[in-house]
Amino acid sequence: MNKVSKVFYISVIISILFIIWGVMPDTVLPDGNLENVTSKLQNFIVEKFGWFYLISASFFLLFSIFLIFSKYGKIKLGKPNDEPEYSYLTWFAMLFSAGMGIGLVFWGAAEPLSHFHNPPYGEPGTSSTAKEAMQYSFFHWGLHPWAVYATIALALAYFKFRKKSSGLVSGILVPLFGERGKEVWGTIVDCIVVFATVFGVATSLGFGAIQISGGLSFVFGLDQNFLYQMIIIIVVTVLYMLSASTGVNKGIKYLSNANIIFAFALMVFVLILGPTNFILNFFTTSLGNYIQNLPSMSLRMTPFNEDNTEWMNDWTIFYWAWWIAWAPFVGTFIARVSRGRTIREFVLGVLLVPTIFGALWFTVFGGSAIHLEFFQGKDIYRFVSELGEETVLFAVLENLPLSTLISLLAILLISTFFITSADSATFVLGMQTTGGRLDPPNSVKLVWGIIQSGAAAVLLWQGGLAALQTASIIAAFPFTIIMLLIVASLLKSFKQEIKEMEMRRKS
């Protein structure tokens, strides 16, 4: 446990206190339990600052696009002679697996189907609503979230590998505020980063356990209960801790490549065995609608319609806050595996490849679900109310040939995504709490692995995953401000770097 920073001890204490707060019965704190307090705070932030999230997320996308075409695009994330550590395929696999793999599997069929029945506007169940449902699924999982990830990851990689900074988020802000006072504000910033990461990932682990158990119960008819989910968490925890102990170049690398293979295989199976022509037509028109309506969707608020306001708060603004809450974790990991790439290459890769793959994924699974309801009269949506969103994917697969085989492949994919996300998170938390070490000790990773799985298990038992998710999203509000400062710090450093390069060229 050597060489840990004070951020480690502060963050561990805060994490344990939050878990204790989360499991306290209502009789102890009738109005002050975790779920009640965090829900009120989140509702206040979303209601009063929803516009701030929309404008900020759009700003990060514009900033990313600006970098692609700017003179800064030729700057390398590392020394001038550094070459990329990983091939394109492995790089894409790792950033995608850490970024949103398990979420895509969970929501791939469920979200478009939900928008189809509860649209942002218009009548539910119509052909125009189906197009809007897919368009908004692309929007929520497309360029905006990856621009958020690209912004923080680029800053971390640039300062770590080119400026020899610590690799911590607080180190990015030194050009703005200097070294003076870093002991105080740097600790606060890094604790916010760790807080958002711990609870964001713990929530996803809980949802992953729910979907694995839901899939097994759907396929084999087993009862879905907490004991069942607890066994899944224990087994997966052992697996990802074994993987984490091998480091980035072994466990995470191999698992990420396996994720892409399994995901691609599952998607191709459903594409071929499902309504192939419909899916490809739907993908093409939805992609066009997404690109065409991107500006208006990016800044769409509903000041004159309270019903639409509720939908916006529950989906778009919630997602933007969720992606920002995840940004420290995903950004740190993407930065770690991106040494040697130019800024232009980095931003293009992070923005475009996952966005296109995610759009195709939603069309294959969400399009199949909508096709089953719209053209075949199947009531897939009833599974949401009866068994939960986690079973929608398996309800869709049940209507295809080789359904049992494909469902088992889906469960395997969820499991590998589960392991990779947790594996990546323990690395990131270890790095953030040991002063930015690229090889954090296994003892530190073990502590964070236990805390993540413990939080997921305890709050699953209490039914408090929603409160944990809300707490993580609340941390996104101050981190949004930090990210805006990061952009300012980046631009200041880029200008100075270009100036120095030109002076060297002249001399």
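1. Which residues form a nonpolar patch on the surface? They are Leu227, Ile231, Ile234, Val235, Val238, Leu239 and Leu242, with about 650 Å² of accessible area together. Patches are made of residues with over 30% relative accessible area and no salt bridge, with like charges joined within 9 Å and nonpolar side chains (Val, Leu, Ile, Met, Phe, Trp, Tyr) within 5 Å. Accessible areas come from the Shrake-Rupley method with a 1.4 Å probe, and for residues only the protein chains shown count as cover. Isoleucine 234 sits in helix α10 (residues 226-245) and is partly exposed, at a relative accessible area of 45%.

2. On the basis of the model: this is a predicted model, in which local features need pLDDT of at least 70 and side-chain atom pairs count only at pLDDT 80 or more, while totals for chains, interfaces and linings use all residues. Residues are numbered from 1 along each chain as its sequence is written, and side-chain values use heavy atoms, with hydrogens and water left out. Helices (H or I, at least four residues) and strands (E, at least two) are DSSP runs, numbered from the N terminus. Buried means under 20% relative accessible area, exposed over 50%, and partly exposed in between (1.4 Å probe, protein chains only).

3. The largest nonpolar core has 155 residues, and Phe346, Trp361 and Phe365 have the most contacts inside it. Helix α13 (residues 306-336) gives the most to this core, with 19 residues. Apart from it lies another core of 22 residues, among them Phe18, Phe195, Ala202 and Trp448. Such a core is a set of buried Ala, Val, Leu, Ile, Met, Phe, Trp, Tyr and Cys residues joined through side-chain atoms within 4.5 Å.

4. Leaving aside residues up to four places away in sequence, phenylalanine 365 touches Gly108, Ala109, Leu266, Met267, Val270, Leu393, Val396 and Leu397; contact means heavy atoms within 4.5 Å. Threonine 197, in helix α9 (residues 182-220), is buried at 2% relative accessible area. With the same exclusion of residues up to four places away, threonine 197 touches Pro328, Phe329 and Leu429.

5. How many residues of α6 are buried? The count is 20 of the 20, so α6 is largely enclosed by the rest of the structure. Its end C-alpha atoms are 26 Å apart, in agreement with the 28 Å that 20 residues should span at 1.5 Å a residue; the expected span is 1.5 Å times one less than the number of residues. Just after α6, lysine 164 takes a positive phi of about 60°. Lysine 164 is in the loop between α6 (143-162) and α7 (169-172).

6. Leucine 402 also has a positive phi, of about 55°, although it is not a glycine. Most residues other than glycine have a negative phi. Leucine 402 lies in the loop between α16 (392-397) and α17 (403-432) and is exposed, at 53%. In α17, 25 of the 30 residues are buried.

7. The structure holds 5 salt bridges, each a side-chain nitrogen of Lys or Arg within 4 Å of a carboxyl oxygen of Asp or Glu. Glutamate 497 pairs with arginine 162, the closest N and O atoms being 2.3 Å apart. Glutamate 497 lies in helix α19 (residues 465-506) and arginine 162 in helix α6, so the pair ties together parts that are 335 residues apart in sequence. Arg162, Lys163 and Glu497 are linked in a network of salt bridges.
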